[in-house]
Amino acid sequence: MVRAKIAPSLLSSDFARLAEECERMLALGADYLHMDVMDGHFVPNLTLGAPIIKCLRPHTKGFLDCHLMVSNPEQWVDDFAAAGADLFCFHIEATSDASALIDRIHAKGMKAGMAIKPKTPVESVYEFAPKLDQVLVMTVEPGFGGQSFMPECMDKVKALRGRFPDLDIQVDGGLAPENIEVAAKAGANVIVAGSSIFNAPSPGDVISLFRKTINDAQA
């Protein structure tokens with residue numbers, strides 16, 4: 001049975017205090033630290049890259065869950081492995097040889113994740129899922145924080161959970177206390193949330209609520 005893993009998105013943190021923010025989230029119960037990597041090409045925004053991961057690594061023992069919203073993700077495998085990333089998640093829309101990329105990620109000692117945009121058919125993931133450590137179903141269009149959750153994407157989560165009961169299924173985009181139950185019932189167990197955690201009066205309470213809702217649904 002899969003268990004809840006809560007992954008605050010550091011895109012919503014205070015970048016001037018990034019290491020402190022990572023440690024604060026871990027102290028509040030976070031399982032992963034979600035790092036949104038955007039190249040200004042695959043998505044219109046520009047955020048952080050391997051040099052920041054490398055600088056951050058000595059200051060946290062947290063699991064660095066790196067979501068690469070980039071063109072040509074193959075170009076960055078070596079850099080992120082050397083920087084200390086724990087999981088390298090690429091978009092299936094950005095590669096022409098996903099199987100070879102998964103093998104390369106694993107060869108570099110990282111876990112491999114595959115992400116799909118809201119309009120990408122979930123069937124595109126099926127052949128690769130047995131080799132993957134995680135599948136990320138985007139519940140907003142990638143590229144910006146603070147967007148509204150798209151409940152129609154939950155059909156993809158349900159389809160994945162039905163086929164792959166032991167797979168870590170991550171959802172990212174607009175997750176908040178008012179919709180976490182929808183994601184939990186669909187079968188998601190890895191929850192990425194930025195604004196709803198970092199902007200909450202009590203971020204630890206939000207993390208606890210997410211965890212309980214997911215684990216209750218999986219029980």
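Me: Which residue in S8 does Asp 172 stand opposite?

Reply: Asp 172 stands opposite Val 192 in S8. Keep in mind as we go that this is a predicted model.

Me: Thanks! And how many bridges join S7 and S8?

Reply: Three bridges join them, and the pairing is parallel. Strand S7 covers residues 168-172 and strand S8 covers residues 190-193.

Me: What is the strand order in the sheet they belong to?

Reply: The order is S1-S8-S7-S6-S5-S4-S3-S2, in an open sheet of eight strands with parallel pairing.

Me: Now helices. Which strands does H4 lie across?

Reply: Helix H4 (residues 98-107) lies across strand S4 (87-91) and strand S5 (111-116), and it runs at about 145° to S5.

Me: And which strands does H9 touch?

Reply: Helix H9 (residues 203-218) touches S1 and S8 as it packs on the sheet. Its direction makes about 145° with that of S1.

Me: Switching to aromatics: how many aromatic pairs are there?

Reply: The structure holds three. One of them is Tyr 32 with Phe 63: the ring centres are 4.2 Å apart and the planes are at 20°, so this pair is stacked.

Me: Where do those two residues sit?

Reply: Tyr 32 is in strand S2 and Phe 63 is in strand S3 (residues 63-69), so the pair ties together parts 31 residues apart in sequence.

Me: Is Phe 63 buried or exposed?

Reply: Phe 63 counts as buried, at 19% relative accessibility, where the cut-off for buried is under 20%. Tyr 32 is buried too, with a relative accessible area of 6%.

Me: What about Tyr 126 and Phe 164: what makes that pair tilted?

Reply: Their planes are at 55° and their ring centres 6.1 Å apart, so the pair is tilted. Tyr 126 lies in helix H5 (residues 123-126), while Phe 164 is in the loop between helix H6 (154-163) and S7. Tyr 126 is buried at 15% relative accessible area, and Phe 164 counts as buried at 17%.

Me: Last one! Which ring does the charged end of Lys 117 sit over?

Reply: That would be the ring of Phe 42, with the charged end of Lys 117 placed 4.5 Å from the ring centre.

Terms used:
Residues numbered from 1 in each chain as written. Predicted model: local features only at pLDDT ≥ 70, side-chain atom pairs only at ≥ 80, totals over all residues. Heavy atoms only, no water. Pairing = 2+ DSSP bridges. Helix = DSSP H or I, 4+ residues; strand = E, 2+ residues; numbered from the N terminus. Contact = heavy atoms within 4.5 Å. Axes fitted to C-alpha atoms, helices over the stretch in contact; angles between N-to-C directions. Phe/Tyr/Trp six-rings, centres within 6.5 Å; stacked < 30°, edge-to-face > 60°. Buried < 20%, exposed > 50% of the residue type's maximum accessible area, 1.4 Å probe, protein only. Lys NZ or Arg CZ within 6 Å of the ring centre and 35° of its normal.
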